[in-house]
Amino acid sequence: MTKRGWVSAAAFLLPATGAILALRLWPAAIAVVQSLLAPHATTFSFDNYTYLLNDPTFQGSIVTTALYSLLVNPIQIALALALAVLLNTRLPTSGFWRTAILLPVAIPQSVSAVVWGVAMRPDGIINGFFAALGLPQQPLLSSPQQALACLLVIVSWIGIGFWMTFLVAGLQEIPKSFYEAARVDGANAWQQFWYVTLPQLRRQLAFVLVADTVGNFLVFAPVQILTRGGPRHTTNLVMFEIYTRAFQTNDVSSAQAATVILTAIVLVVVIIQFRLMGSGSRE
Amino acid sequence: MTKRSVLLGAATLMAVLGMAAPATAKTTLHLLTAQPVEEMQPVVQAFEAANPDVKIETETVPYENYAAEIASRMGSQDPTLEVYFVDAPQVPAMASKGWLVNFDGVKTEIEAAINERARPALLYKGGYWALPYTTSVQLLFYNKDLLAKAGISNPSAAEADRLTWQQVVDTAKNAQKAGVKWGLQLEQNGRYYQSQSFFESSGAGPGLTGDDLLTPAVNTDKWIQTATWYQSIFNTGVAPRNIAAEQSNDIFRNGDAAFFWGGTWNLARFNQTPGLHYGVVASPYIAGGKPATPTDAWDIGVSPYAANKDLARKFALFMTLGDGAKYIALGAHIPLIASAYDEYMKRARDTAVDDAGKKEMTDARDVMAYELKYAVVSRPRSIGFVILDDVMARTFLDIQGGADVKTTLDAAQNQLKSSFSRL
């Protein structure tokens, strides 16, 4: 490339690089530096990390987040994939269903949370539905056993439609001839899905898996609006724990340390996922 | 277009803008509150009328998010956080963090305008860090029709007849036997503001001890005993669980609760509810203990990072100690400024639709005056209050929900200790 070419390339890259530096890397650097300063301390130390890792509330939030992630990601992706496959068939009304499933994405998470909150009240529509079916009334969001599952339903109601659209796009890229060849070889529907659809969808699935995992680590609005981490800390996901520390109890340095820990966990999980998905495509 | 015509156009544009400037160059001052925007309009309009070059923008944030809103904006030294409502028990924490400007310069005026008992809500280490605005008292409301239907006579508002909580719960259960849906509704369900009263009344204390109130004591035997009684109200179905404070007075207004323990801000609203016949008595106390009625509300503070600090001070003084103080009487809370207090009570009385209602307003006024003088207990004024408020709100909701009392209070005690170690 000529010198002029380099200059113009740099000029084109400048806004994006500048934005990444100012909006991502600079705040991240501040977080790391502040996380190393204990309250009232003047020298750097790992005190904030020692304190956090020994704090039962923070430990609990990590465990809750891990449990939540282990459940929500496979459920969301499996359902998104199932719906994508179903709606990719030539049903006469598949366009309508695709829109209906995608619609919740257009509603802000906070608004969905409020609406679901009303529906899940003891006297809400969901319990009314249970009553109509002759089922006993359920405490839902106010029960330590059910609250996390309720959050999972709310978040998935929004998430599944969103992730489904990526998978539908991927499905439509798979050449029809692959399926014809599989049918000629005598593959049944399940075998076609397993040996044609899934491998061909690997790239889209990798993206959905990584993006969904990251998104679910950062769930905040439904917790803040509906449960505030309760009952009995059973929905105290780590983002809400960080918010509580930073803005409710004003312990900013431990909030920064918790942010660094969360980022590290997310990075490790994402790297593992990339490895797993990536190694497959080289086979 | 020639170069000349461009220049000419630009010059014309600048001239037009220049001419328009004096008419529109208003200073914008920001007011942050947890009250509805409409409630602030009268005082805002009065100040704008007296200061035509000032425009006040009012922003309202729900109470649950209010402390977090201030913390995040102070963290970035936001110049648009200027005049703001300060939750009275948070004055020490906020002053110690440097989030409030000092008002010792108007000490004489403050002390002349309010009752001596109201001063501590403005003080931190002997200095005035906020201006007096409102206070509060909780009253016990009862539905006359529901009690009559259950054959229960109305309670008396005389101080000698102040009810114990045990009496209230027993009466509430009898009303429920006669078909009333709920016996008792706690307006600020789970919030420390209201729940503290049970523990103060039983002698368990506020949950903080020590000279600087930074030693948690929320799992003492007395606390466990009182919390166990508190849980029984919900376990026995007398009071509904987990109803947000904003939604709770609807239950009483709809005639679905025999008793309602709530703030004086409900008086006018209940008076305007057709078919609701209610009476008020003083807040009950735990049998064997003493009255401990919740109190305090909002002070007015000014941020040291305000873009227009002098103007912010001017407006804060106008709405508290100045000509704007009279508008406090139009709001939901009881004015701390003595001159606006009578007007507040007169307005509540004016909303009563019949003679019985007007008599109740007289009772309410007498009860409020007595409570403010003899029975109220403030929330602990400690730099750790914000943490206590947050941790205990969740703890009370868990106890309501049926969690084991001792385990829950032990966990709260540990969480408070852990968080206080960071102050």
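Biologist: What kind of model is it, and what are the ipTM and pTM?

Modeller: This is a predicted model. It scores ipTM 0.83 and pTM 0.87.

Biologist: What about chain B, what's its mean pLDDT?

Modeller: The mean is 91 for chain B. Of its residues, 94% reach 70 or more. Residues 16-22 of chain B are another matter, with pLDDT below 50.

Biologist: OK, switching to chain A. Which domains is it divided into?

Modeller: Domain 1 covers 1-35 and domain 2 covers 48-281. Their centres, taken over C-alpha atoms, are separated by 32 Å.

Biologist: How many residues are in contact between domain 1 and domain 2 of chain A?

Modeller: In chain A, 4 residues of domain 1 are in contact with 7 residues of domain 2. The domain 1 side of that contact has 2 nonpolar residues, 2 polar and no charged.

Biologist: Back to chain B. Is strand β12 enclosed or open?

Modeller: Strand β12 of chain B, residues 257-263, is largely enclosed by the rest of the structure, because 7 of its 7 residues are buried.

Biologist: Which strands pair with β12(B)?

Modeller: Strand β8 of chain B, residues 138-143, pairs with β12(B) in the antiparallel sense over 5 bridges. Strand β9 of chain B, residues 182-186, runs parallel to β12(B), joined by 4 bridges.

Biologist: And what stands opposite F259(B)?

Modeller: From β8(B), Y142(B) stands opposite F259(B). From β9(B), L184(B) stands opposite F259(B).

Conventions. Residues are numbered from 1 along each chain as its sequence is written. Chains are lettered from A and ligands numbered from 1 in the order in which they are written. This is a predicted model: local features need pLDDT of at least 70, side-chain atom pairs count only at pLDDT 80 or more; totals for chains, interfaces and linings use all residues. pLDDT is the predictor's confidence in each residue, from 0 to 100. Two residues are in contact if their C-beta atoms, placed from the backbone, lie within 7 Å. Domain bounds come from an automatic or database domain assignment. Ala, Val, Leu, Ile, Met, Phe, Trp, Tyr, Cys and Pro count as nonpolar, Asp, Glu, Lys and Arg as charged, and the others, Gly among them, as polar. A residue is buried if 20 or more other C-beta atoms lie within 10 Å of its own, exposed if 12 or fewer, and partly exposed in between; C-beta atoms are placed from the backbone. Helices (H or I, at least four residues) and strands (E, at least two) are DSSP runs, numbered from the N terminus. Two strands pair if DSSP finds at least two bridges between them.
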